[in-house]
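Let's take a walk through this protein model together. Have a look at the sequence and the 3D view first, and then we'll pick out a few spots.

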Amino acid sequence: MRLSVILIAVLGIGIGWLWWSQHRDAGPPAWQGYAEADYVKVAPVEQGLLTTISVARGDQIAKGAPLFAQDDTHERAARDQAARQLAQAEQQLANLEAAMKPTEVAQAEANLTDAHSTLERARADLQRDEALLKTGYATAQTVDQRRADYRSAEAKAQHAEAALTQARAPMGREREIEAQRAAVAAGQAAVAMAEWRLEQRTVTAPVGGRIADVLAQPGETMAAGAPVVSILPPENIFIRFFVPETALSGLHRGGPVSFGCDGCQSGLTGSISFISPTAEYTPPVIYSESTRAKLVYRIEARPQPDQAALFNPGQPIDIRPIAAGAEQ
């Protein structure tokens, strides 16, 4: 009798559990995923010997913080050479644009003053003898001589004016000056390039974040483009997960989702940033006996900016969609 009661009780519990499992509210679906990140890998722009590393793995740095430096002996020499060549070109241009020496200009001015005085005297003599010719006190021969003297004095004055203009004008011809100006501009560009190449030997952080890895050490010769430091900006952390095709219709870019993980605080949310247009097999990181042969779609979601730093790349995450109007 007692055994029958026990069997009836067990049967009732089983039937009740079966009914509850079929009629209970399963709640929103949940998917497995993991935290991932887009790392910023900083490399030199040119090959060179590493001399210093200013950061260590795990450091928190701000944008513009020094990361590493390379030997800059060659770049400093090239910069100094370009600067000297520019100074030489500028001096040559200044010489071409300059007038004659001040003493030569003063001499030309004195010659012009003397020529004008001679011209005025010749004009006065000519006018006086032309008047005397009318009264008979001067001969035609004398007047002709005065006219010749006046024309000679006038020509000398014009020559003195031209000499003064030449003395005050630039020493170089216009085409020579233009060519030298082009040489100065080329020198300035060479100096700017040399300065830029020198600056590239000291590399600073393009973004702020956590130093994820230091990939080289002082004494190594790094090729151009070979990463030396890897930075993880918090805003570059995202959650990658996979959903079956049946759940794809309920998801869209920008849709809100919630995140959960072991030891994480509650209320972690984000939004979907990417939905793969093609299906793929469940990746090994979330393989299980029941899902490893299924086709799924890759989804990426970005945490809230103030929550992104709470996730670590590779960390397992549970993802659930947030229904419209639900509290986040």
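## A buried glutamine

Gln315 counts as buried, with a relative accessible area of 18%. Here buried means under 20% relative accessible area, exposed means over 50%, and partly exposed is in between (1.4 Å probe, protein chains only). This is a predicted model, where local features need pLDDT of at least 70 and side-chain atom pairs count only at pLDDT 80 or more, while totals for chains, interfaces and linings use all residues. Residues are numbered from 1 along each chain as its sequence is written, and side-chain values use heavy atoms, with hydrogens and water left out.

You'll find Gln315 in the loop between β13 (295–303) and β14 (316–321). Helices (H or I, at least four residues) and strands (E, at least two) are DSSP runs, numbered from the N terminus. Leaving aside neighbours within four places in sequence, Gln315 is in contact with Gly33, Tyr34, Ala35, Cys261, Cys264 and Leu310. Contact means heavy atoms within 4.5 Å.

## The disulfide

Two of those contacts, Cys261 and Cys264, are joined to each other by a disulfide, S to S 1.4 Å. A disulfide is a pair of cysteine sulfur atoms within 2.5 Å, and the structure holds one. The link is left-handed, with -50° about the S-S bond. How do its two ends sit, buried or partly exposed? Cys261 is buried at 14% relative accessibility, whereas Cys264 is partly exposed at 25%.

## Strand β10 and its partners

Five bridges join β1 (residues 31–37) to β10, and the two run antiparallel. Two strands pair if DSSP finds at least two bridges between them. β10 also pairs with β13 in the antiparallel sense, over six bridges; there, Arg240 has Glu300 in β13 as its bridge partner.

Why is β10 (residues 237–244) largely enclosed by the rest of the structure? Seven of its eight residues are buried, so the rest of the structure largely encloses it.

## An open sheet

Elsewhere, four strands form an open sheet in the order β2-β9-β7-β4, with antiparallel pairing. β2 (40–42) and β4 (60–61) stand at the edges with a single partner strand each, so one side of each has no neighbour in the sheet. Within this sheet, four bridges join β7 (residues 209–214) to β9 (residues 229–232), and Arg210 stands opposite Leu232 in β9.
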